[in-house]
Amino acid sequence: MITNEPTVDATPYTPVMLSDTAAAKVRELIEAEGDPSLALRLAVRPGGCSGFSYDMFFDSQIDDTDVVSSNDGVRLAVDAESIAMVSGATVDFKDQGLSGAGFAINNPNQQRACGCGQSFC
């Protein structure tokens, strides 16, 4: 479900989606925080060895210019400046047992990533 029209400066963008697994994990983390008004925010910041890096955090302030999608009541907000770089991406959660667990972003706009996996261009 998309709650804000995914356009910025009249350019249509495909919203970023949460996989079912990611939505379940985000819901679990929000419940642990004890604040049901929180949304997961995805942003793109300059930096890292490939030029840009992802930033994910909980946020209770959703701006009118944010592109917001939801999966089973869990909201994902992307700011107007970042949406062009992550349009159509999917946020997933992977639990790889002894290898660790974490969120992974499948971004169709990513041209390359660095060896450490923390930045992209």
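Rings of Phe, Tyr and Trp (for Trp the six-membered ring) are taken as a pair if their centres lie within 6.5 Å, with planes under 30 degrees apart called stacked, over 60 edge-to-face and the rest tilted. The model is predicted, so local features need pLDDT of at least 70 and side-chain atom pairs count only at pLDDT 80 or more, whereas totals for chains, interfaces and linings use all residues. Residues are numbered from 1 along each chain as its sequence is written, and side-chain values use heavy atoms, with hydrogens and water left out.

**View 1. The aromatic pair.** The structure holds one aromatic pair. The ring centres of F93 and F103 are 5.1 Å apart and their planes stand at 65°, so the pair is edge-to-face. F93 lies in strand β8 (residues 90–95) and F103 in strand β9 (residues 101–106), ten residues apart; strands are DSSP runs of E with at least two residues, helices runs of H or I with at least four, numbered from the N terminus.

View 2. F93 counts as buried at 15% relative accessibility, while F103, at 28%, counts as partly exposed; buried means under 20% relative accessible area, exposed over 50% and partly exposed in between (1.4 Å probe, protein chains only).

View 3. The antiparallel strands β8 and β9 are joined by six bridges, where pairing requires at least two DSSP bridges between two strands. T90 stands opposite N106 in β9. Five residues separate the strands of this hairpin, and G97 in the turn has a positive phi of about 60°.
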